[in-house]
Amino acid sequence: MQVSITGRHVDLTEPLKAYVDDKLQHLKHSFDHVVDVHVVLSVEKFRQRCEVNMQASGINIHGSHETEDMYASIDGVVDKLNRQLKRYRAKLRRHRGDPVGREIKVSHKVLDMANDKDELTEDHQPETLRHEQIDAKPMSVDEAVMQLELGSRDVLFFTNGQTEQLNAVYRRPDGALSWIEPEAA
């Protein structure tokens, strides 16, 4: 998480920066995929304002709070951001909990192939390095992309809610996302 703090008509002391950073770390614990945070602290007469713009997994979250005490303003904006993140997580759970199609069990194996690219003979069969079974839950493509961005995996198999066929979204080495859909017969 990259945090930048800007001060307008306020001295950014080390204790103030540490307090802001500590409070934002609590947000990171409740939502792992916070990428970039920009904090603006400003003072106008008796009003002390804290504004936070947060980028997390493709969504932008903004919050601001104004009081007569800067520390109270920081606490207030963190509370607002926490409520917004809870609402977002609840929205994700609602989408996950409402299956559109049927769930499919998917199995895949990682094989150790021959080094010399020869055809497989009966004496040399590939060795199974890893075997996994995955539940391909029903969801839309948009939900699958959101789940992939929120999760730590690079590949997500799912049952497409519209076609009820097995689909996959994956993260390419350049960071872009791709979608695999079987061709209609």
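Predicted model: local features only at pLDDT ≥ 70, side-chain atom pairs only at ≥ 80, totals over all residues.
Me: Which residues touch the most other members of the largest nonpolar core?
Reply: Leu27, Val39, Leu41, Cys50, Val52 and Ile74, out of 23 residues. A nonpolar core is a set of buried Ala, Val, Leu, Ile, Met, Phe, Trp, Tyr and Cys residues joined through side-chain atoms within 4.5 Å; buried means under 20% relative accessible area, exposed over 50%, partly exposed in between (1.4 Å probe, protein chains only).

Me: Which element gives the largest share of this core?
Reply: H2, with eight residues. Helices (H or I, at least four residues) and strands (E, at least two) are DSSP runs, numbered from the N terminus.

Me: Switching topic, how many aromatic pairs are there?
Reply: One. The rings of tyrosine 19 and tyrosine 71 have centres 4.8 Å apart and planes at 80°, so they are edge-to-face. Rings of Phe, Tyr and Trp (its six-membered ring) pair with centres within 6.5 Å; planes under 30 degrees apart are stacked, over 60 edge-to-face, the rest tilted.

Me: Where do the two tyrosines lie?
Reply: Tyrosine 19 is in helix H1 and tyrosine 71 in helix H2, so the pair ties together parts 52 residues apart in sequence. Tyrosine 19 is partly exposed at 22% relative accessible area.

Me: And what sits in the turn between S9 and S10?
Reply: Glycine 175, with a positive phi of about 95°.

Note on methods
Residues numbered from 1 in each chain as written. Heavy atoms only, no water. Pairing = 2+ DSSP bridges.
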